[in-house]
Amino acid sequence: MNTTIVALSTARGRSAIAVVRMSGDDAINIAKKFFEPFPKNPNMLKVGVLHTERFDEHAMCVYFSAPHSYTGENTVEFHCHGGTAVCQAVIEQCIKNGAVPAQNGEFSKRAFINGKQNLTNAEGIIEMIDAETASAAKAGANLLENKLGKKVIDLQNVLLDTLSACEAALDYPEEDLELPTVAGTQIKLKEVEKEIQNLISTATLGKVAKYGINVAIVGAPNVGKSSLLNALLGTERAIVSDIQGTTRDTLSESVNYKDIKFNFIDTAGIRESSDVVEQEGVRRAQKAADSADVVLHITDNPTDRSVYPTVRPQIRVFNKSDLFVEPPCCADSLIVSAKSGNVDIIKSTIYEMFSAGEIENSDLLITNERHLSCLNQAKNQIEQAIASCSNSTLDIVSSAIKQVWETLGEITGSTAQEDIIDRIYSKFCLGK
Amino acid sequence: MKDFDVIVIGAGHAGCEAALASARLGCSTLLLATNLDTVAFLACNPSIGGTAKGQIVKEIDALGGEMAINADKSILQMRMLNRGKGPAVYSPRAQVDKNVYHSVMKQTIENTPNLYLRQGEAVNIDIKQNGEFSVTTAVNLQYSAKAVVLCCGVYLRSKTIVGKCIRESGPNGFANAQYLSDSLQKLGFTLRRFKTGTPARVRMKSIDLQKTSEQCGEADVRPFSYVTKSIPATKRSCYLTYSTEKTKEIILQNKHLAPIYNGSINGTGPRYCPSIEDKVVRFADKERHQIFLEPESEDTCEFYVQGASSSMPAEVQEQIYHSIEGLENVEIMRDAYAIEYDCIDATELDATLMSKKIKGMFFAGQINGTSGYEEAAGQGIVAGINAERFVHKKSPFTLRRDNSYIGVLIDDITTKETVEPYRMMTSRAEYRLVLRQDNADMRLTELGREIGLVDDTRYEKFLYKKQQIETATKELFTVVSPKIYSPLFDRKNEVVNNAGLTLDEMLRRPNITAKDIQTLGYLKNVTDEVLEEIEIESKYRGYIEKEKAVIAQAAKLENKALPAKIDYMSIDGLRIEARQKLNKIRPANLGQAGRISGVSPADIQILIVYLAQRGSK
């Protein structure tokens with residue numbers, strides 16, 4: 001069975017509609033796990049609900065059965081709403097269910113190797129590859145990734161030592177080599193495992209560095225959400241009035257704070273309403289909250305202890321503090337006045353919450369989905385390798401270590417078989 | 001002038017397989033050797049097989065070659081290396097009688113119809129107007145053929161080196177081939193200079209065996225050949241001993257006299273076959289080095305001193321050998337020496353081992369920059385088969401990385417530019433769990449049969465085993481009740497749960513063997529060989545299936561042919577290094593292209609695009 005790959009097929013960034021595409025033997029099975037009702041027949045676009053861990057997305061889905069697809073493999077396309085957060089959540093959902101992020105040009109590559117070359121948009125691939133090389137040339141932009149490369153090469157080196165010891169023992173059974181011990185091998189592998197885990201845990205911060213923090217502003221009508229947005233942006237971006245329900249649709253705008261991009265999303269006030277347009281606004285507000293990194297739950301009532309219904313982390317913000325007679329009820333909340341304009345405490349709190357200050361001090365951060373996926377895969381494989389040390393023969397142990405080494409090599413691009421052999425001969429005295 | 005279909009030049013391990021394959025497939029074949037005493041001569045150790053090499057011997061056998069049968073007929077003792085390290089790396093290795101090995105092979109060749117063995121040094125190869133070849137020997141006889149297979153081993157312009165004594169000579173004092181190198185250069189081949197070496201031969205009676213430990217063969221190792229019925233128990237022992245601190249001192253004191261360190265050897269030597277001086281200098285903190293004493297033959301008391309090859313002056317060699325435990329008074333009978341020789345760049349060959357430039361001209365063995373008898377023989381059989389197919393205008397025969405070590409070997413040497421003699425290692429095979437010594441027949445006999453080298457006896461034996469495996473594999477799904485299996489499990493320290501288990505589930509328990517299951521009354525009449533095979537397949541199924549999935553994935557790239565006439569220099573987007581390498585090596589498909597050093601995954605993407613554009617025009 002081949003791997004199933006997933007990627008955004010339409011352009012990145014803001015757009016009305018986006019298409020996420022999955023291709024591979026398992027694509028249809030994966031899609032069935034979270035899209036319902038799944039289309040009964042191929043080539044038919046079906047409206048339905050796409051469940052993600054954070055929110056449900058109304059979307060359309062179509063599948064193509066192998067070999068009648070662009071890639072010649074089973075293919076599924078989700079046509080969903082545009083926007084980075086939504087698309088990312090959909091892609092993440094596919095990955096959680098067994099897909100892996102596609103490499104540049106991989107759909108076309110598969111189309112080619114499956115004999116669908118007449119459809120290949122060849123120029124597109126070259127452009128993509130060029131784009132990657134061009135950005136790699138900008139050392140500044142890719143500094144973080146270069147550092148990652150060095151780190152991964154270090155880890156590969158440790159693995160190569162372990163691997164060459166195993167391989168030398170397998171290829172030279174009659175030399176008086178010290179056989180690699182179970183405990184010794186496991187210690188080394190566990191060191192690498194720990195480092196891989198450390199790298200994986202930088203991904204959250206990496207995402208903050210690369211994409212910024214998505215902050216949804218939610219709350220009842222007329223608590224001053226739009227005023228707060230304007231205060232946070234320092235411009236009169238949103239229309240503000242005393243009329244309840246002035247904000248009908250979500251509105252997002254970004255601002256930089258200490259070099260971190262904050263994407264604020266203002267939403268319609270949440271209340272029961274019979275107005276169809278307002279209902280839709282409320283629905284969108286809910287979705288904005290569920291797809292945000294953090295939710296600002298705004299209230300102007302100093303005794304309000306309510307919690308906003310979302311799985312995302314939230315901060316309660318008491319607005320209009322200039323009108324408060326007594327201090328508000330809850331100590332763990334923020335107290336601001338949009339009117340007076342002093343709202344920096346919101347930014348600094350979120351900044352602290354995401355440890356964004358550490359970005360500057362971080363040696364390296366994982367900012368690339370493909371890298372993260374490789375690391376996660378390497379983590380699984382190294383766990384298996386560690387287990388194999390105590391319950392398998394050396395041929396299996398060695399293969400298991402080699403897999404980890406190769407997976408890491410997908411990040412650095414170096415997995416030449418000769419590296420192993422070179423290491424064997426440089427470390428061990430062998431031969432007749 | 002005499003006409004043949006195929007001329008094989010050189011009767012070493014590659015040449016013998018090539019000539020036998022070609023003749024057996026119906027080509028009138030001339031086998032030329034500088035000296036008929038060199039036929040299948042074991043110039044270095046008197047041993048066949050070992051890690052990865054044992055697998056190759058079995059593959060040659062499955063295809064219908066001779067090496068395994070010949071080794072079985074000359075066995076002095078046999079061992080299975082790597083027991084306990086997993087079935088992927090079990091490797092049979094035999095000590096063989098070098099005199100018997102030579103004479104049995106020579107007889108087989110003499111008794112083969114269509115095959116003419118002739119002493120003669122080939123000095124020139126001409127290509128005639130009709131594309132056929134004319135080979136001239138030193139005594140000015142001419143032979144012509146539609147295809148030639150060059151298996152010149154280490155004889156091309158070879159020099160042997162013992163200290164300052166440098167001789168124009170082949171191995172063991174045999175005459176070298178002085179002129180053929182020039183002829184090859186005229187035909188446009190690039191020649192390289194490689195080096196290897198061999199230790200001294202010593203008189204067994206002068207060894208103090210008390211100071212060594214005896215190594216016997218093992219009784220329960222199967223013969224190399226699937227058609228050999230049985231092999232004798234240990235006829236001769238080996239002995240293990242060690243170098244000493246004094247060995248180190250002597251070498252370091254005399255380092256300036258070592259040709260490899262004073263510049264009189266230029267050839268590139270293999271890292272895996274270092275001389276004793278090389279080992280001591282490169283691994284200075286290692287206290288002692290292992291030395292194996294191996295019998296050369298039942299006819300002689302000469303012993304091969306494995307681990308102590310050297311090109312030091314003869315008197316220093318004597319001191320070195322005398323410093324080895326048990327060899328204090330040893331009498332050296334033949335000196336150790338290094339040998340330097342010409343070889344070609346095998347990236348100029350395709351996967352059938354035919355020159356990409358000169359159709360009908362094949363190369364096999366050490367002339368291709370490999371080392372080892374088994375590596376040579378593996379190439380020999382492939383070259384011989386293809387020479388016949390070329391003559392009879394049949395489609396080419398190639399082996400793949402996923403079906404044989406020979407496939408890995410040929411792909412490696414024709415793809416990667418090797419900078420030292422190439423030795424096969426299990427580390428080089430990415431599909432090691434599938435390429436095992438026990439299943440070489442299952443992998444290749446069917447192919448050998450199609451080619452025409454597998455006779456009825458071998459084929460029937462193969463079909464019987466295959467049938468047994470299929471029946472036994474079906475039986476593995478029989479469910480056994482705990483009542484029946486629990487006594488066995490208790491004895492073997494396996495946990496019994498109160499459920500029925502299939503034979504397969506039982507086999508996957510680490511302490512349960514197929515033999516154990518047979519004692520419960522299942523798998524009756526199944527041969528030991530088949531029991532071993534199904535046991536491996538059950539215990540390692542998960543890993544084997546993973547490997548097969550990778551193979552299937554890789555096959556897609558392997559199946560994408562790259563047209564022979566692409567001008568890589570003109571492909572936009574390819575990096576310069578990749579363009580140069582691709583233009584030089586001209587890979588047959590995308591899989592091979594990806595294995596060329598200096599060709600990156602991004603370059604492969606560009607090639608994919610290029611092919612796609614080409615296809616759509």
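Chain B contains an open sheet of 3 strands in the order β3-β5-β4, with antiparallel pairing, where strands are DSSP runs of E with at least two residues, numbered from the N terminus, and two strands pair if DSSP finds at least two bridges between them. The model is predicted, so local features need pLDDT of at least 70 and side-chain atom pairs count only at pLDDT 80 or more, while totals for chains, interfaces and linings use all residues. Residues are numbered from 1 along each chain as its sequence is written, and chains are lettered from A and ligands numbered from 1 in the order in which they are written.

**Sheet of chain B**
- Because β3 (47-49) and β4 (75-81) of chain B each have a single partner strand, they stand at the edges, and one side of each is left without a neighbour in the sheet.
- β3(B) pairs with β5 (residues 91-96) of chain B over 3 bridges in the antiparallel sense, and B:I48 has B:A94 of β5(B) as its bridge partner.

**Domains of chain B**
- The assignment, which is automatic or taken from a database, gives domain 1 (2-153 + 341-442), domain 2 (199-339), domain 3 (464-546) and domain 4 (560-616).
- The C-alpha centres of domain 3 and domain 4 of chain B lie 48 Å apart.

**Helix α9 of chain A**
- Helix α9 (residues 276-291) of chain A has 16 residues and reaches 23 Å from its first C-alpha to its last, close to the 22 Å expected at 1.5 Å a residue.
- Its buried residues (20 or more other C-beta atoms within 10 Å of their own, with C-beta atoms placed from the backbone) include A:G281, A:V282 and A:A285.

How values were computed: Helices (H or I, at least four residues) and strands (E, at least two) are DSSP runs, numbered from the N terminus. The expected span of a helix is 1.5 Å times one less than its number of residues. A residue is buried if 20 or more other C-beta atoms lie within 10 Å of its own, exposed if 12 or fewer, and partly exposed in between; C-beta atoms are placed from the backbone.
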